Amino acid sequence: MSIVIVDHLVKRYGDFEAVKGISFQVDKGEVFGFLGPNGAGKSTTIKILCTLLTMTSGKALLNGFDVNREPLKVRQSIGLVFQDYSLDDRLTAEENLYFHGMLYNVPRALLKERMEQVLAMVELTERRKDLVRNFSGGMKRRLEIARGLLHHPQVLFLDEPTIGLDPQTRNAIWEHVLRLRDELGITVFMTTHYMEEAEHCDRIAIIDHGEIVALDAPKALKEDIGGDMVTVTTTNNPQLAEEIRQRYGIPVIEDGTVLRMEVEDGASFVPRLAVDFTGMITSVSVHEPTLDDVFLKTTGRAIRDELLDEKERFRQRRLGRRRGR
Amino acid sequence: MLESVLKTIYVIWYRELIRFFREKSQWAGMIMQPTLYLTFVGTGIASAMTFRQAPGGAPVNYLTFIYPGIIGMSVLFTSMFSGISIIWDREFGFLKEILVAPVPRWAISVGKALGIGTIVSLQGMILLILSPLAGLSLTLWTGLKVLPICALVGFAIGLLGISIAGRMESMQGFQLISNFLTMPMFFLSGAMFPLHSAPQWLQVLMVIDPLTYGVDALRNAIYAGIPEAQAMLQHSIAYDLSIVSLFAIVTAATGMTAFNRQG
């Protein structure tokens, strides 16, 4: 059963088409990931599904409600964790939850019980009376996830939920998200930049320039690549890239300081390569395809570059804020 | 639907109050500014000029005259600048939490304006302790009349602040526009000088200033039982409050749509 149905969704800003008629469906109870570089249309799509932005054309149903026609019902059906923090840091954890519960019309008798539940779930029970301004980034994120669940939404949207967090916190947040799916059967719709996180998703859609370029389970996407990935460093990348292409008839991608290529059987290819280009190759590694490789293949870019941009942007924003912008 | 709207209005109002009570510096500023105006500006002007008094030569002290105006001023400034919290909320992301909630957006504006009205009516009450400085001794009954007047004026101007802040991106922009509105509203309200002695062209502007009626309503309440001060009044309290209510309807129309177009 599909809980999110998107049909030829288009968003245009003047002449620029940010989302170019994408269609997909998300099943109830699955963890669905949106993967793609900045400006690919991920956040735009999420904002449209959350009724924060209107679409130019197309159709989208969420929990059976039309995003255009029944925005209040759609909003009641979803929980949201935004890329930027959206807590009131002058209120306590509990007050933030209370505020949310009232806005979402959680019955008074249930509200207290639910607040305790979600606080326990994200392990913030002991800090419930503390002001949010004294929380760490990871605690804020956890509180936001708790808040997003307070009204028992059908779909939880997580827009870059782990950005700017350390690896331990990221893992902890993932544990929570997966447990939610298992225990409450909630559908999780998320965007991420981190490949290892995308691995947790049941299915991922890779989106680039406003179009979905691949959509499947991570395992299937990797299997699509077929063979093994070979990464080579050489004394002269451009020259060797050309020669390898001609000699073996395979595509070679120049990715920063390395050359990447996809071959059917790494174990037999590497010795041939070493013999054919003796003295020009400084290192070789063979690995099974990762989502990085899938991304590289479908978009022609490495996601690491995007990741760096993102970190930089995040850092600058925080600096700007500290200056009291 | 109704339940959800009432809950929204309540919880937005509640948050406004929590935030206000936690910010101790706001309290200080709220009391300091009017005290300074009354003691320094009021006393200074009173002694620099002979106050030509009310028609019929009623013996009213200048400080007695400006005292209700100073309360009106505090209400005006506090309620207008409360709108800035919307820009803070936008900056710190909390506004998104409110905007994606399954509630009609006008209820958000109403809750906020009610919060502002509550805060300024408390402020008005507190400023009554300055009354001895103005040579007035007030009764509890006066205080109870000042409360709803401040609340109504605060609600109306609060909505004006919200309608500006809801449509502004930057702090500076908001400050510029709200100053541009509050300053003339204050100067022309009859808070500092009486309408009847002003030149004709100034009187015209004063008559169209909505705050004129708020200040006059406060004078009505505060001068009750002081026969010689009655000459300073322009209208009945009922007339004043009707005009302020009309003004509130106008600002509500703009304030309630402040969030409609955004995401």
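Residues 4–234 of chain A span 47 Å between their end C-alpha atoms. The span is 36% helix and 30% strand, with helices (H or I, at least four residues) and strands (E, at least two) taken as DSSP runs numbered from the N terminus. UniProt lists this stretch in an unreviewed entry as "domain: ABC transporter"; such annotations may be inferred rather than shown by experiment. The model is predicted: local features need pLDDT of at least 70, side-chain atom pairs count only at pLDDT 80 or more, and totals for chains, interfaces and linings use all residues. Residues are numbered from 1 along each chain as its sequence is written, chains are lettered from A in the order in which they are written, and side-chain values use heavy atoms, without hydrogens or water.

At the interface, 28 residues of chain B contact 30 residues of chain A (heavy atoms within 4.5 Å). The two chains bury about 2,900 Å² between them, 59% of it on carbon and sulfur atoms. Buried area is the accessible area (1.4 Å probe) lost on putting two parts together, summed over both. Five salt bridges cross the interface, each a side-chain nitrogen of Lys or Arg within 4 Å of a carboxyl oxygen of Asp or Glu. Helix H1 (2–22) and helix H5 (94–99) of chain B each give two or more residues to the side that touches chain A. H1(B) gives the most, with twelve residues. That side of chain B divides into 14 nonpolar, four polar and ten charged residues. Here Ala, Val, Leu, Ile, Met, Phe, Trp, Tyr, Cys and Pro count as nonpolar, Asp, Glu, Lys and Arg as charged, and the others, Gly among them, as polar.

Two of the inter-chain pairs involve the loop between S6 and H3 of chain A. Glu23(B) pairs with Arg90(A), the closest N and O atoms being 3.1 Å apart. Glu23(B) lies in the loop between H1 and helix H2 (24–48) of chain B, and Arg90(A) in the loop between S6 and H3 of chain A, so the pair joins two chains. Glu23(B) is partly exposed at 27% relative accessible area. Arg90(A) is also partly exposed, at 27%. Salt bridges with shared partners join Asp88(A), Arg15(B), Glu16(B), Arg19(B), Asp89(B) and Lys112(B) into one network. Within it, Arg15(B) bridges to Asp88(A) at 2.5 Å. Arg15(B) sits in helix H1 of chain B, and Asp88(A) in the loop between strand S6 (78–81) and helix H3 (93–103) of chain A. Both residues are buried (under 20% relative accessible area; exposed is over 50%, partly exposed in between; 1.4 Å probe, protein chains only).
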